[in-house]
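User: Hi! I am new to protein structures and would like to learn how to read one. Please take me through this example step by step.

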Amino acid sequence: MFLAKKSKGFCVEIGEYTTLVARLSQPKAPYQVEELKEFPSAEVTALSEWVKGADGKGSSGYAHATCGVYPAKRLVRRHTLDTKKVKEPAYFNEIYTQQFRIDSEKYTIKTLNADDGGEYDMVKASQKEALFCGLPSEEIINIQDRLLENGVYPERLELGTVALMGGLVNYLKFKQSKSPVLLLEMGDDSTQSFIISADGVDISRPIPSGIAAMIPVVQKELGLKDEESAKKLFYSNTFDFTSMGGALVKKLLKELQSSIGFYEVQTGQSIGSVLCTQLPASLGWLGTTMAGALGVPLMKMDMLPWLESLNIKLADGVTLGQPEERWAGLISLIATYQNAVPDEKK
């Protein structure tokens, strides 16, 4: 008589540059994190090789996982609604086309409350601040196909940005912090910027400038013959670029200072820290450079007490490594927030 193989829980976060995975003791909370792994997203076989050797996949051979993704054309935008027009059939489509510049017919979009992330009540339509979240419908199919090809069955597919923002709100409440955080998701062609507080998502702004815009600056500063040479050197982690950091982030900094200035005038609050995510390991120093240019500290998260508050434990031998904050998105996917924070901390 053979005993059935005990299935595990799996969590996968696929970013533009880095893929993070977790193997959990069981599919449902409370969890113990039994393994954490990190791969460059460009290494196309790394995830599938890990899944093949992963314990606890069950009889299907697939790792049934909660998956967080960061498609380049993701939509995560806070918007102030005209509550008198919410029930008009054409109103939301006007927002999509005029404010967000997207074709709503090609997107799958969900409207949430900007404060707690709950589903926006279209019947009551009483809340003015909404968070629009979505991605191209075609991209959903492509992402699911890629995951299946890698041996991952997506039980749940989420925008990693939304999960991380929920995690940050929860963390700020846990720490009883009154200081808002500037969250930057730096991609190749664009940067998603958000101001997050314990009360929810206060500001969102996509900036059409990302890491690729820094390559011509590298070429010019170092006198290299072409951009391809500059790109290889930039990502190689063999040269110290910190001395030219100010020049590299100058364009992005100007856009961010505009958003931050508006926020501080409107609310009277100053940004307490900055969290830069989605950076490849070789460009981790960009977070420090950006924080220095903005004149605010990098966010340092007290991860282990937070995990404890979420009823998540790390198995013996499992560590987050440095910087611990790079795991915040994956932990946010794992976590279930209801009843996770002790009453005295709520």
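**Reading helices and strands**

Analyst: Let's start with helix α3 (residues 137-149), which lies across β1, β4 and β8 and runs at about 145° to β8. Helix α4 (residues 160-174) also packs on the sheet, touching β4 and β8, and its direction makes about 65° with that of β8. Helices (H or I, at least four residues) and strands (E, at least two) are DSSP runs, numbered from the N terminus. Axes are lines fitted to C-alpha atoms, for helices over the stretch in contact, and angles run from 0 to 180 degrees between N-to-C directions; contact means heavy atoms within 4.5 Å.
This is a predicted model, where local features need pLDDT of at least 70 and side-chain atom pairs pLDDT 80 or more, while totals for chains, interfaces and linings use all residues. Residues are numbered from 1 along each chain as its sequence is written, and side-chain values use heavy atoms, leaving out hydrogens and water.

User: Which residues of α3 are buried?

Analyst: Buried means under 20% relative accessible area, exposed over 50%, and partly exposed in between (1.4 Å probe, protein chains only). In α3, the buried residues are I140, I143 and L147. Seen down the helix axis, the buried residues of α3 fall within an arc of 70°, so they line one face. That arc is taken from the directions from the axis to the C-beta atoms. They pack against β1, β4, β6 (107-113), β7 (129-136) and β8. The face turned away from this buried side carries the exposed residues E138 and E149.

User: In what order do the strands form the open sheet?

Analyst: Two strands pair if DSSP finds at least two bridges between them. Here 6 strands form an open sheet with mixed pairing, in the order β8-β4-β1-β2-β3-β13. At the edges are β8 (152-159) and β13 (312-314), each pairing on one side only. Inside the sheet, β1 (residues 9-14) and β4 (residues 63-69) pair in the parallel sense over 5 bridges.

User: At what angle do the axes of α5 and α6 cross?

Analyst: The axes of α5 (residues 215-222) and α6 (residues 227-236) come within 8 Å and cross at roughly 100°. That makes α5 roughly perpendicular to α6. The cut-offs are under 35 degrees for roughly parallel, over 145 for roughly antiparallel, 65 to 115 for roughly perpendicular, and oblique for the rest.

User: Which way do the residues of β10 point?

Analyst: In a regular strand the side chains alternate between the two faces of the sheet. In β10 (residues 191-197), T191, S193, I195 and S197 point one way, while Q192, F194 and I196 point the other way. Of its residues, 7 of the 7 are buried, so β10 is largely enclosed by the rest of the structure.

User: What joins β10 to β11?

Analyst: A hairpin does, through 2 residues. β10 and β11 (residues 200-207) pair in the antiparallel sense over 7 bridges, and the bridge partner of I195 in β11 is I203. On the other hand, β9 (residues 181-186) runs antiparallel to β10 with 6 bridges, and L182 stands opposite I195. The hairpin from β9 to β10 goes through 4 residues.
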